[in-house]
Amino acid sequence: MQEEDILTAIENIEDRGGKLDFDYQLLRGGAESTKKRNASEALKRLRNSPRNIWSEIGNLSPKDQKIALYYLVLKSHTFFFDFHMEVILQKWQVMDKAFTKDDVLTFIEKKVDEHPELENWSEESKRRSSRTIKLMLEQIDMLDENQNLRPVHGSISLWELFIKEGETWFLEAMLLNKQERDQLINSAAV
């Protein structure tokens, strides 16, 4: 799903009796079935996150938007959340900064019991997931040119948005150290 589709959904969302909806025809090109699938995915991401966060995404810089959209992925997809917290964050905590596609493939093999949908994935689906994760990490600037992990640096206003919503776990997920997190949390409290 393209970032532009999520931003289009956010900009055109309507609350119809407590049900979030938008006109999927507003999405870019592609077949109608693709637009409907992308609309469904956009709504899933929006339903699984605090409204204040997704309603502010359009006001953020392009870099901060990518970080916020990654947050929406983590909030709406258990597989990606589990991978990020159990592989990326744990690697960082033990100072293993190297990221490879094998990290994803190993995770998939270990998690088949918890994520039964993985059992039916073809080798191509696994490789595609590995490429998708790598691409998302590159887009938020969590991977350097050598495919090593590094902290993601967004604007103070971006981090304050998550702090105010009680989503401080995301600061740690973005590999900010304790001192940086504490500083941001303290400044948001002022």
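Helices here are DSSP runs of H or I with at least four residues, numbered from the N terminus. Keep in mind that this is a predicted model.

**View 1. Leu105 on helix α6.** Leu105 sits in helix α6, which covers residues 101–110. Buried would take a relative accessible area under 20%, so at 23% Leu105 counts as partly exposed. Setting aside neighbours within four places in sequence, Leu105 touches Lys126 and Arg127.

**View 2. Helix α5 crossing helix α7.** Here α5 (residues 78–93) meets α7 (residues 123–139), with axes that come within 12 Å and cross at roughly 70 degrees. Angles of 65 to 115 degrees count as roughly perpendicular, and α5 and α7 therefore fall into that class.

View 3. On the α5 side, the contact is made by Phe79, Phe80, Phe83, His84 and Ile88. From α7 come Thr132, Ile133, Met136 and Leu137. Sort the residues of this contact by type and you get seven nonpolar, two polar and no charged.

**View 4. Helix α8 and the glycine after it.** Which residues of α8 (residues 156–164) are buried? They are Leu158, Trp159, Leu161, Phe162 and Ile163. Past the helix, look for Gly166, which follows α8 and has a positive phi, near 75 degrees.

Terms used
Residues numbered from 1 in each chain as written. Predicted model: local features only at pLDDT ≥ 70, side-chain atom pairs only at ≥ 80, totals over all residues. Heavy atoms only, no water. Axes fitted to C-alpha atoms, helices over the stretch in contact; angles between N-to-C directions. Helix = DSSP H or I, 4+ residues; strand = E, 2+ residues; numbered from the N terminus. Parallel < 35°, antiparallel > 145°, perpendicular 65-115°, else oblique. Contact = heavy atoms within 4.5 Å. Nonpolar A, V, L, I, M, F, W, Y, C, P; charged D, E, K, R; others polar. Buried < 20%, exposed > 50% of the residue type's maximum accessible area, 1.4 Å probe, protein only.
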